[in-house]
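Hi everyone, thanks for having me.

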Amino acid sequence: MSDALAADRATVSMFVDVTPALAFEVFTTEIDQWWRHGPQYRAWGELPSALHLEPGLGGKITERRGDGGAVHEAGTITAWDPPHHLAFEWRGVNFAPGEATRVDIRFEARGTGTRVTLVHAGWASIRADHPVRHGKPSARFLADMGMWWTGLLRALAEHATSERG
């Protein structure tokens, strides 16, 4: 991988001990149940909110503040191939109109479960002094982004297996 490509993306994988079909279903239909809460993970910080993913190409990923108020449109589905592949444009709460990154997720059968591989790319198009980067150089920011997604995929794995184990 070239240095330019590496500076553009964070890639993480997680084993989930359920079938690809179930991993895909939990990722998409139960997103609000497994996606972590708090200011690091939710647009409204500590305030209650609900995440929703509209299935299908062109579907939206939204987060609605718990009081029924404001809605943050976090993404738009750009690939929908259950149970193998999901991709979406991603916009952080502090992104300006037209700013977006890309998230690509693959669900691959591995033994008794699924290897979920997530690539969050497009960071080269987000300026170096953008608030989303918290003043960090690209390599450090992308390492932290990988840890952020690792935490989310771990929550997905725990949720997917907790009630089915």
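One more thing before we go on: what you see is a predicted model.

Okay, aromatic rings. How many aromatic pairs does a search of the whole structure find? The count is 14. To talk about such a pair, you give the distance of the centres and the angle of the planes.

Take W35 and W90. Their ring centres are 5.9 Å apart and the planes meet at 25°; planes under 30 degrees apart count as stacked, so this pair is stacked. Now, where do these two sit? W35 is in the loop between α3 and β2, while W90 belongs to strand β5, so the pair ties together parts that are 55 residues apart in sequence. And are they buried or exposed? Both W35 and W90 are buried.

Next pair: Y41 and W148. These rings are stacked too, with 5.5 Å from centre to centre and 15° between the planes. Y41 comes from the loop between α3 and β2, and W148 from helix α4, 107 residues apart, so here again distant parts of the chain get linked. Y41 has a relative accessible area of 14%, so we call Y41 buried. W148 comes in at 12%, and therefore W148 is buried as well.

Ring pairs join up into a cluster, and its members include W35, W90, Y41 and W148, along with F24, F27 and W34.

There's also a ring with a charge over it: the charged end of R65 sits over the ring of W44, 5.7 Å from the centre of that ring.

Two backbone details. The peptide bond from P82 to P83 is cis, with omega near -5°, and P83 is in the loop between β4 and β5. Then there's H134, which isn't glycine but has a positive phi, near 55°. You'll find H134 in the loop between β7 and α4, and its relative accessibility is 62%, so H134 counts as exposed.

Last stop, the largest pocket. There's about 570 Å³ of space in there. Which element gives the largest share of the lining? That's α4, with 5 residues. By class, the lining has 16 nonpolar, 6 polar and 5 charged residues.

Terms used. Residues are numbered from 1 along each chain as its sequence is written. This is a predicted model: local features need pLDDT of at least 70, side-chain atom pairs count only at pLDDT 80 or more; totals for chains, interfaces and linings use all residues. Side-chain values use heavy atoms; hydrogens and water are left out. Rings of Phe, Tyr and Trp (its six-membered ring) pair if their centres lie within 6.5 Å; planes under 30 degrees apart count as stacked, over 60 as edge-to-face and the rest as tilted. Helices (H or I, at least four residues) and strands (E, at least two) are DSSP runs, numbered from the N terminus. Buried means under 20% relative accessible area, exposed over 50%, partly exposed in between (1.4 Å probe, protein chains only). A charge sits over a ring if NZ of Lys or CZ of Arg is within 6 Å of the ring centre and within 35 degrees of the ring normal. On a 1 Å grid over the protein atoms alone, a cavity is a set of points where a 1.4 Å probe fits but cannot get out, and a pocket is an open set with protein on both sides within 12 Å along at least five of seven lines; lining residues have an atom within 4 Å of a point. Grid points are joined across faces, edges and corners, and a volume is the space filled by probe spheres set on the points. Ala, Val, Leu, Ile, Met, Phe, Trp, Tyr, Cys and Pro count as nonpolar, Asp, Glu, Lys and Arg as charged, and the others, Gly among them, as polar.
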